Amino acid sequence: MAGESTSVEHVADAAAHGAEASGAGMPQLDFSTFPNQIFWLLVTLVVIYIVMSRIALPRIGAVLAERAGTITNDIAAAEELKQRAEEAEAAYEKALADARAEAGRIVAEAKAEIQAQLDIELQKADAEISAKTAESEKAIADIRDGATKSVTQVAKSAAKDIVAALGGSADAATVTAAVNARMKG
Amino acid sequence: MASETHGEETGGLVFHPLDQFIVKPLFGEGPIHWYTITNVTLWMAIAVVAIVALFVMGSRGRAIVPTRTQSVGELVYGFIYKMVEDVTGKDGVKYFPYIMTIFVFILFANFLGLIPMSFTTTSHIAVTAVLGFGVFTIVTLIGFYKHGFHFLGLFWMSDAPAILRPIIAIIEVISYFVRPVSHSIRLAGNIMAGHAVIKVFAGFAAIAAISPVSIVAITAIYGLEVLVAGIQAYVFTILTCVYLKDALHPGH
Amino acid sequence: MEGNIAELGQFVGAGLAAIGSGAAAIGVGHVAGNYLAGALRNPSAAASQTATLFIGLAFAEALGIFSFLVALLLMFAV
């Protein structure tokens, strides 16, 4: 302690103060403990250095390097997988487009076919309808002719009968002419 | 002297803030020889055990996906490795185990010293001076080994005006030799100051009226000390790296 | 303790030396404040300068620790 090297009075003072004064030095400056501390510190540092440089640091360094390698590999693998996924997507898109085109083509074909068939059917139907119409018109015309003839005949005989009932006699030619004139009127 | 106890507890406010730093033998009483097993030995051994537990046991699995302990170890490794690489450059990486040893020892000693009733080895000037002068010696030897006489160019500012060069050289030499002193006293002083302040506040806690204030203050300073413990370990290490860089690349 | 002029001198000296801690506190605050001001101006450069910040803090603080040490020596060791 510093007190040991000071004057006699101070030593006497310290003695008078007793344990308080002697105990109140800085333990950091108690040189009698220095060899002890330095020795154990050196032992500790050597032990830590050996443990660190021989075991811990190489191991941790290896783990970190391995992890970095793994991460790099994984990233590369992920990159490759992504590329493959993109390729697959492109193929899928292409297949889809092809299928769409095919479907469009089939639809168009079917439409054309149906159209053609429809046209044929329509033509057939038109022809049938026109034939039926012609037939019907002919029938109507026949019926009308028949009716006209019947009406004329009935009118002739009725006119002859009426003339006979009125006491007159009428020859067929006159009656016919009169009826015909009337029929036309 | 260290083994003496304070006989007179006269009551009232009695501060012995430095008692926590006393080195005493672990077994029995008696003089402290260099081989005596003391509380210094105990707490340094605990630091070694903790370091082994963290860095060796923690990384035992060598797991690619790390466990919690292993990831803390890797964090410290990466932190110091990056510091060495950034500050000293690629050729300083060779000294990484040495710097790592210093860092983990100081870090663990600081943090273990924060455990109540524990002994803080880094609060002793003897310990930090060995660390500081060890760094100084090693760095100087590396400088002379790598560059020989050219290492002295560190002190000779070739781009300064010619008249000023000798003066600057003297200042540089003085500052170079003050480095280990400031390097070691900074660490010991910070740690000792923090612990002593906590003890002083703890002494105030004996007075009932102000004991709540004192306890709050202890808590706050304890938090500060946790910060200081980490920062001082960091500062000691980064200054070691800076000195090492000066030795490896002495040109300014 | 009464009437011992040497001890009085020790304690006064220790108190004076402790002023140095306050001065160091100003220095530390100056370093940290300037760092923060610079970091807010150019946040992208802030991360690269944290090491320099801590070195500066350490140097500023070391001088305060020296004065604290002087105080302690006066109190306990002289």
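Colleague: How many of the 252 residues of chain B count as buried, as a percentage?
Modeller: In this predicted model, 37% of the 252 residues of chain B count as buried. The C-alpha trace of chain B spans about 65 × 55 × 40 Å along its principal axes.

Colleague: Which secondary structure elements does chain B have?
Modeller: Six helices and zero strands. Along the sequence the pattern is α-α-α-α-α-α. Among contacts in chain B with a separation of 6 or more, 63% join residues 24 or more positions apart.

Colleague: Where in chain B is confidence lowest and where highest, going by its helices?
Modeller: Start with the general idea. Where pLDDT is low, the predicted coordinates should not be read in detail. Now the case here. Chain B has a mean pLDDT of 86, and 94% of its residues reach 70 or more. Confidence is lowest in α5(B), with a mean of 88, and highest in α3(B), at 94. Residues 1-11 of chain B are another matter: pLDDT stays under 50 there. The model has 23 contacts beyond four places in sequence for that stretch.

Colleague: Which residues have the most contacts inside the largest nonpolar core?
Modeller: I99(B), M100(B), F103(B), V104(B), F105(B) and I106(B). The core itself has 71 residues. Its contributors, each with at least two residues, are α3 (34-165) of chain A, α1, α2, α3, α4, α5 and α6 (211-248) of chain B, and α3 of chain C.

Colleague: Take I106(B). What does I106(B) touch, leaving out residues up to four places away in sequence?
Modeller: T122(B), L187(B), A233(B) and F236(B).

Colleague: Next, the interface. How many residues does each of chain A and chain B bring to the contact?
Modeller: In general, the size of an interface is often given as the accessible area lost when the parts come together. Here, read residue counts instead. Chain B gives 44 residues and chain A gives 39 residues. On the side of chain B that touches chain A, at least two residues come from each of α1 (39-57), α2 (68-88), α3 (96-113), α4 (125-147) and α5 (164-204). The largest share, nine residues, belongs to α1(B). By type, that side of chain B divides into 30 nonpolar, ten polar and four charged residues.

Colleague: On to helix packing in chain C. At what angle do the axes of α1 and α3 of chain C cross?
Modeller: The general idea comes first. Two packed helices are described by the angle between their axes and the distance between the axes. For helix α1 (residues 5-41) and helix α3 (residues 50-77) of chain C, the axes come within 7 Å and cross at roughly 170°. Angles over 145 degrees count as roughly antiparallel, so α1(C) and α3(C) are roughly antiparallel to each other. The residues of their contact divide into 19 nonpolar, eight polar and one charged.

Colleague: Why does F11(C) count as partly exposed?
Modeller: Because F11(C) has 13 C-beta neighbours inside 10 Å. F11(C) sits in helix α1 of chain C. The C-alpha atoms of F11(C) and I55(C) are separated by 32 Å, and the two residues are 44 apart along the chain.

Colleague: Last, backbone angles. What is the phi of R62(B)?
Modeller: About 50°, a positive value, although R62(B) is not a glycine. R62(B) is found in the loop between α1 and α2 of chain B. With 12 other C-beta atoms within 10 Å, R62(B) is exposed.

Colleague: Where does M117(B) lie?
Modeller: In the loop between α3 and α4 of chain B. M117(B) is a residue other than glycine with positive phi, near 70°. M117(B) is exposed, with 5 other C-beta atoms within 10 Å.

Conventions: Residues numbered from 1 in each chain as written. Chains lettered and ligands numbered in written order. Predicted model: local features only at pLDDT ≥ 70, side-chain atom pairs only at ≥ 80, totals over all residues. Contact = placed C-beta atoms within 7 Å. Helix = DSSP H or I, 4+ residues; strand = E, 2+ residues; numbered from the N terminus. Nonpolar A, V, L, I, M, F, W, Y, C, P; charged D, E, K, R; others polar. Axes fitted to C-alpha atoms, helices over the stretch in contact; angles between N-to-C directions. Parallel < 35°, antiparallel > 145°, perpendicular 65-115°, else oblique. pLDDT = per-residue confidence, 0-100. Core = buried A, V, L, I, M, F, W, Y, C linked by C-beta atoms within 7 Å. Buried ≥ 20, exposed ≤ 12 C-beta atoms within 10 Å, placed from the backbone.
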